[in-house]
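Student: I would like to go through a model and check each label against its cut-off. Please show it first.

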Amino acid sequence: MRPKKKISQTLLAKELGVSQALVSLALNGRSVGINPDTYKRIWERAIALGYLPKGMRVESTPDSARIRQIGYILRAPLRLYIPSTYFGHVQHGLHQELEAHGHRLVFLGAEDELTPEKLRSFLHPSNHLGGVVVLGEVARPFMDGLCKLTRRIVAVSARYQGLCHSVLGNEPEALTEIVRHLFNLGHQRIGWLGGNAALGRHDARLTALKAALQPLGLALDPRYSIVLKQADRAEGAEAIHAMLKHARRKDFPTAFVTYNTQMAMGASLGLQREGWKVPGDISLASADVSRLSIEGALRITGAGTSPDKLGEAAARLVMGEGVAAEGFTDLVLPAPLVVGNSTGPAR
């Protein structure tokens, strides 16, 4: 419904203390050459007053529709046509929770596909986006640029203190649960098969593994620790093959912890091809959980937060539930242990 008092560009300019020409440029989508704060202030005030640009229908105004759409961005090098099991489930949880509250999820693109111009276009107030969820760790300059365009941002599986909200799994809890489980099975020689070397999430998991070993009087032998650039099944197989070169050593690990479930699956297939039994000869545990933890003949033991629950929590944050008026929320979710048949007593 239109406001009782007609809001013109002239009146809007007078209220904000700027020129009518500047208001006209901003409300027609021209952001180049306009101070970002001024541009945002013009649109926010126009929306609050119920301003309708010429030719725009009432039902599609920013005031009535902008909070009904939430955008999401994938970290590089992910793509929609290159499915990620982990973030696919995060996206599912995000979609389900938003839909339940009458919101629609809109894909904006991948980090390395979104130029500053594209971002400004997508986040123009006339596109009615109520917020953005970023799936995975993106480069800091990219996040800095995104935060200049909107303050309602939620990062999933990454933290940007002072910039936006975040939802993460409890990595220390997850690795502590895994190490205790393996230790109780008699494993005292534990190796690490790492992936996604450039991401902070890898460093967090590796640091948590080392910290979990220490109270038990154990330590990670650097000879049995490897980190690869990516973290899929192929990397899991590649990593375990690199380790098997040292299998004749008496101190060779009886168990390996992998960066994620995909790498654990790849490592198990690599071991089987070489005639090793899982878990008879080597146990495998993952520093996260996915459906692979509960499905299939080989169920991977893992600890971590359900990716679906990460997505649901991100949806609630981006909608503003439980968010303080000032500052940002870093939400850390529990990371319980899920025991499969990929771990057994130490040989």
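Tutor: Start with Val-133, which stands opposite Val-154 in E4. This is a predicted model, where local features need pLDDT of at least 70 and side-chain atom pairs count only at pLDDT 80 or more, while totals for chains, interfaces and linings use all residues. Residues are numbered from 1 along each chain as its sequence is written, and side-chain values use heavy atoms, with hydrogens and water left out.

Student: What makes strand E3 and E4 a pair, and in which sense do they pair?

Tutor: Strand E3 (residues 129-135) and E4 are joined in the parallel sense by four bridges. The strands themselves are DSSP runs of E with at least two residues, helices are runs of H or I with at least four, and both are numbered from the N terminus.

Student: Which way do the side chains of strand E4 point?

Tutor: In strand E4 (residues 153-156), Ile-153 and Ala-155 point one way, Val-154 and Val-156 the other way. All four are buried. In a regular strand the side chains alternate between the two faces of the sheet.

Student: What makes Tyr-72 and Phe-107 an aromatic pair, and what kind of pair is it?

Tutor: Their ring centres are 5.1 Å apart and their planes are at 45°. Rings of Phe, Tyr and Trp (its six-membered ring) pair if the centres lie within 6.5 Å; planes under 30 degrees apart are stacked, over 60 edge-to-face, and the rest tilted, so this pair is tilted. It links distant parts of the chain, with Tyr-72 in strand E1 (residues 69-74) and Phe-107 in strand E2 (residues 104-110), 35 residues apart.

Student: Why does Tyr-72 count as buried?

Tutor: The relative accessibility of Tyr-72 is 3%. Buried means under 20% relative accessible area, exposed over 50%, and partly exposed in between (1.4 Å probe, protein chains only), so Tyr-72 is buried. Phe-107 has 29%, so it is partly exposed.

Student: What makes the charged end of Arg-201 sit over the ring of Tyr-86?

Tutor: The charged end of Arg-201 is 4.8 Å from the centre of the Tyr-86 ring. The test asks for NZ of Lys or CZ of Arg within 6 Å of the ring centre and within 35 degrees of the ring normal. Arg-205 lies over the face of Tyr-259, also at 4.8 Å from the ring centre.

Student: Which residues touch the most other members of the largest nonpolar core?

Tutor: Among its 43 residues, they are Leu-175, Leu-193, Leu-209, Ile-240, Met-243, Phe-256 and Val-257. A nonpolar core is a set of buried Ala, Val, Leu, Ile, Met, Phe, Trp, Tyr and Cys residues joined through side-chain atoms within 4.5 Å. A second, separate core of 23 residues includes Ile-70, Val-90, Ala-314 and Val-318.

Student: Which residues does the side chain of Thr-343 meet in polar contacts?

Tutor: One partner is the side chain of His-181 (2.9 Å), and the other is the side chain of Thr-301, again at 2.9 Å. A polar contact is a pair of N or O atoms within 3.5 Å; within protein, one must be able to donate a hydrogen and the other to accept it, and residues adjacent in sequence count only if both atoms are side-chain atoms. Thr-343 is found in the segment after strand E12 (337-338), and at 10% relative accessibility it counts as buried.

Student: Which peptide bonds are cis?

Tutor: One joins Ala-76 and Pro-77, with omega about 5°. Another joins Val-278 and Pro-279, with omega about 10°. Pro-77 is in the loop between E1 and helix H5 (85-100), and Pro-279 is in the loop between H11 and E9.

Key: Pairing = 2+ DSSP bridges.
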